[in-house]
Amino acid sequence: SSSTSSSSSSSRGSLYFCKPGSRVQHPSCCLPLHAISDMYVGKRALPFKTTLAAAATNDVCFSLISKHIELHLESPNFTQASEWLNGIHGILMKKKKITIGNPHRGALAASSSSSSSSSSSSSSSSSSSSS
């Protein structure tokens with residue numbers, strides 16, 4: 001995955017995603033960071049329940065959700081996953097409220113006025129489907 005600043009999306013930047021090995025930034029494959037409303041850690045989202053994702057390790061998977069786009073990502077390792085999610089979470093916490101948690105069991109709401117570092121510590125980020 002790669003994040004790239006985008007003045008048209010927001011001063012917070014955007015994540016562009018594409019097939020592994022590609023580095024094409026296409027507007028239809030862009031998730032503006034300001035649009036992210038939820039972050040789910042682990043293989044909790046439905047796409048991770050498929051046979052295609054069966055071999056993925058839970059602690060390197062996460063989902064970024066917006067109104068129009070859902071990115072379900074697998075990082076090559078836990079360290080990289082943690083760096084991605086902690087970085088994205090840090091950017092989002094500066095300006096807005098975001099929900100982090102399990103979509104099936106309720107979620108933990110975090111805002112810039114509350115301490116939510118424990119909810120992001122199990123976060124992971126990077127993707128084999130993002131660049």
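This is a predicted model: local features need pLDDT of at least 70, side-chain atom pairs count only at pLDDT 80 or more; totals for chains, interfaces and linings use all residues.
**Figure 1. Arg44, a partly exposed loop residue.** With a relative accessibility of 29%, Arg44 counts as partly exposed. Arg44 sits in the loop that runs between β4 and β5. If you follow the chain on to Asn58, you cover 14 residues in sequence, yet the C-alpha atoms of Arg44 and Asn58 are 8.5 Å apart in space.

**Figure 2. Ala53, a buried residue in the loop between β4 and β5.** Is Ala53 buried or exposed? Its relative accessible area is 12%, so Ala53 is buried, the cut-off being under 20%. Setting aside the neighbours within four places in sequence, you will find Ala53 in contact with Lys43, Pro47 and Phe48. Lys43 is ten residues away from Ala53 along the chain, and the two C-alpha atoms are separated by 8.7 Å. Ala53 also belongs to a core of five residues, which includes Ala45, Phe48 and Cys61 as well.

**Figure 3. The largest nonpolar core.** This core has 16 residues. Which of them touch the most other members? They are Leu15, Leu31, Ile36, Met39, Leu64, Leu71 and Ile88. At least two residues of the core come from each of β4 (38–41), β5 (61–65), β6 (70–74) and α1 (78–93). The biggest share is that of α1, which gives four residues. The five-residue core with Ala45, Phe48, Ala53 and Cys61 among its members lies apart from this one.

Figure 4. Which residues of α1 are buried? They are Ala81, Ser82, Trp84, Leu85, Ile88, His89, Leu92 and Met93. Looking down the axis of α1, you would see these buried residues fall within an arc of 165 degrees, so they line one face of the helix. An α-helix has 3.6 residues a turn, so residues three or four places apart point the same way. Thr79 and Glu83, on the other side of α1, are exposed.

**Figure 5. The start of α1.** Have a look at Asn77 and Thr79 here. A side-chain oxygen of Asn77 reaches to within 3.2 Å of the backbone nitrogen of Thr79. Thr79 is one of the exposed residues of α1.

**Figure 6. Asp38, a buried residue in strand β4.** Where does Asp38 lie? Its place is in strand β4. The relative accessible area of Asp38 is 15%, so this residue counts as buried, which takes a value under 20%. The side chain of Asp38 makes a polar contact of 3.1 Å with the side chain of Ser37.

**Figure 7. Cys18 and Gln25, two residues of the loop between β2 and β3.** This loop links β2 (10–16) with β3 (30–32). Cys18 is buried, at 14% relative accessibility, whereas Gln25 is partly exposed, at 44%. How far apart are the C-alpha atoms of Cys18 and Cys30? They are separated by 9.2 Å, and the two residues are twelve residues apart along the chain. Leu15 takes us back to the largest nonpolar core, where it is among the residues that touch the most other members.

**Figure 8. The whole protein, for orientation.** Starting at the N terminus, the elements run β-β-β-β-β-β-α-β-β-α. The protein has 131 residues, and 48% of them count as buried. Of the contacts between residues at least 6 apart in sequence, 55% join residues at least 24 apart. The protein exposes about 7,000 Å², with carbon and sulfur atoms supplying 53% of that area.

How values were computed: Residues are numbered from 1 along each chain as its sequence is written. Side-chain values use heavy atoms; hydrogens and water are left out. A nonpolar core is a set of buried Ala, Val, Leu, Ile, Met, Phe, Trp, Tyr and Cys residues joined through side-chain atoms within 4.5 Å. Buried means under 20% relative accessible area, exposed over 50%, partly exposed in between (1.4 Å probe, protein chains only). The arc is that of the directions from the helix axis to the C-beta atoms. A polar contact is a pair of N or O atoms within 3.5 Å; within protein, one must be able to donate a hydrogen and the other to accept it, and residues adjacent in sequence count only if both atoms are side-chain atoms. Contact means heavy atoms within 4.5 Å. Accessible areas come from the Shrake-Rupley method with a 1.4 Å probe; for residues, only the protein chains shown count as cover.
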